[in-house]
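Hi,

Here is the structure I promised to pass on. Have a look at it first, and my notes on what turned up follow below.

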Amino acid sequence: MLPAVTATRYVTPLREGGSLPGLMEADDLGTYVVKWRAAGQGVKVLVAEVVCAELARALDLPVPALVTVDVVPELGVGEPDVEVQELLQRSAGRNLGLDYLPGALDFEAGADGVDPQLAGRVLWFDALIGNVDRSWRNPNMLFWHGRLQLIDHGAALTFHHHWPGAEAAVARPYDASAHALLECEPDVPAADAALASRVTRSLLENVLAQVPDEWLEDDDDAVRTRYVDQLLARLAARDAWLPPLVAAAEAGGGGRRRAPRGENRPAWLGPPPPEGMTQR
Ligand SMILES: Nc1ncnc2c1ncn2[C@@H]1O[C@H](COP(=O)(O)OP(=O)(O)OP(=O)(O)O)[C@@H](O)[C@H]1O
Ligand SMILES: [Mg+2]
């Protein structure tokens, strides 16, 4: 089970995130990025966050610690933004907290620090979980104390939004064409050799055991088994998705990670200033 904490103060919304995660302090004196149970895509996003982050952790990929955060609506009274206040009120009860990494840098600032071994493992992991949210536009990776940290797995495990289609997702190739680590020369065969045999039924059962019952449908044990079976089937279908993943990694990103200077510049601003001058 994830450690459970109780929120003591709402600090501020994190507006970089589409789901308006909130920064909160808790009774263990920790500070957490809270993902709301009532946010747009629903509670399954929280399930995906827990399953993927705990699977990553079990494979020694770096992810922030997770907790559940009990929130009472009164904590939102000082929040001036009505949308945020409503979100917090509708989310009364148990939400997901990620250990807040103060001073973490965006991925872009340290992308050169990802070695091919780690890049390969992250790419392989994202293909396994079907993570559509690790693109160079929205990398969902941070650097903290010089070390990569993976965040935001709410958009992975898309099969759980429509179980009847889950079987068709088992062998589906992963579209790595815009993956943020494609230019780090990811070593996918080495990742597969190191990680595949570690993803066992008992490891996945331990991962699913971390998901709180109240975020799952009625028969929680049967639902947990469905996730385990789906991920094991995905693993067993590597013949279908691994070769194209290796090919995509070998082809690299084609220099797309960094948008050319001035690409997003509105025409009325004129041409970009000479290299070396900064603009705010
Ligand atoms: N544990 C953390 N420590 C520090 N900053 C964080 C942490 N988690 C998230 N952030 C910051 O908050 C932003 C939003 O978080 P996240 O991507 O998880 O939210 P989201 O609402 O799912 O976002 P998206 O718009 O990508 O769907 C991140 O880009 C990052 O800048
Ligand atoms: Mg994000």
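L157 sits in the loop between β8 and α4, and its phi is near 55°, a positive value in a residue other than glycine. Most residues other than glycine have a negative phi. D152 lies in that loop between β8 (147–150) and α4 (166–169) too, and the phi of D152 is also positive, near 60°. Do keep in mind that this is a predicted model.

D152 comes up again at the ligand. Ligand 1 is surrounded by 16 residues, and D152 is among the closest, together with G18, S19, K35 and L101. Some polar distances, in case you want to click through them:

- G18: a backbone N or O atom is 2.7 Å from an oxygen atom of ligand 1.
- D99: a polar backbone atom is 2.9 Å from a nitrogen atom of ligand 1.
- N138: a polar side-chain atom is 3.2 Å from an oxygen atom of ligand 1.

Now for the overall layout. In the contact between them, 29 residues come from domain 1 and 36 residues from domain 2.

How much area do domain 1 and domain 2 bury between them? It comes to about 2800 Å², with 73% of it on carbon and sulfur atoms. On the domain 1 side, K44, L59 and P62 stand out: they supply 24% of the area that domain 1 buries against domain 2, more than any other three residues.

In total, five salt bridges are counted between domain 1 and domain 2, and eight residue pairs are in polar contact, counting pairs with both residues at pLDDT 80 or more.

Which elements make up the side of domain 1 that touches domain 2? Both α1 (44–58) and β5 (93–99) supply at least two residues each, and α1 gives the largest share, with 14 residues. Sorted by class, that side of domain 1 has 19 nonpolar, three polar and seven charged residues.

That's what I have for now.

Cheers

Conventions
Residues are numbered from 1 along each chain as its sequence is written. Chains are lettered from A and ligands numbered from 1 in the order in which they are written. This is a predicted model: local features need pLDDT of at least 70, side-chain atom pairs count only at pLDDT 80 or more; totals for chains, interfaces and linings use all residues. Side-chain values use heavy atoms; hydrogens and water are left out. Contact means heavy atoms within 4.5 Å. Buried area is the accessible area (1.4 Å probe) that two parts lose on being put together, summed over both. A salt bridge is a side-chain nitrogen of Lys or Arg within 4 Å of a carboxyl oxygen of Asp or Glu. A polar contact is a pair of N or O atoms within 3.5 Å; within protein, one must be able to donate a hydrogen and the other to accept it, and residues adjacent in sequence count only if both atoms are side-chain atoms. Helices (H or I, at least four residues) and strands (E, at least two) are DSSP runs, numbered from the N terminus. Ala, Val, Leu, Ile, Met, Phe, Trp, Tyr, Cys and Pro count as nonpolar, Asp, Glu, Lys and Arg as charged, and the others, Gly among them, as polar. A residue is near a molecule or strand if one of its heavy atoms lies within 4 Å of it.
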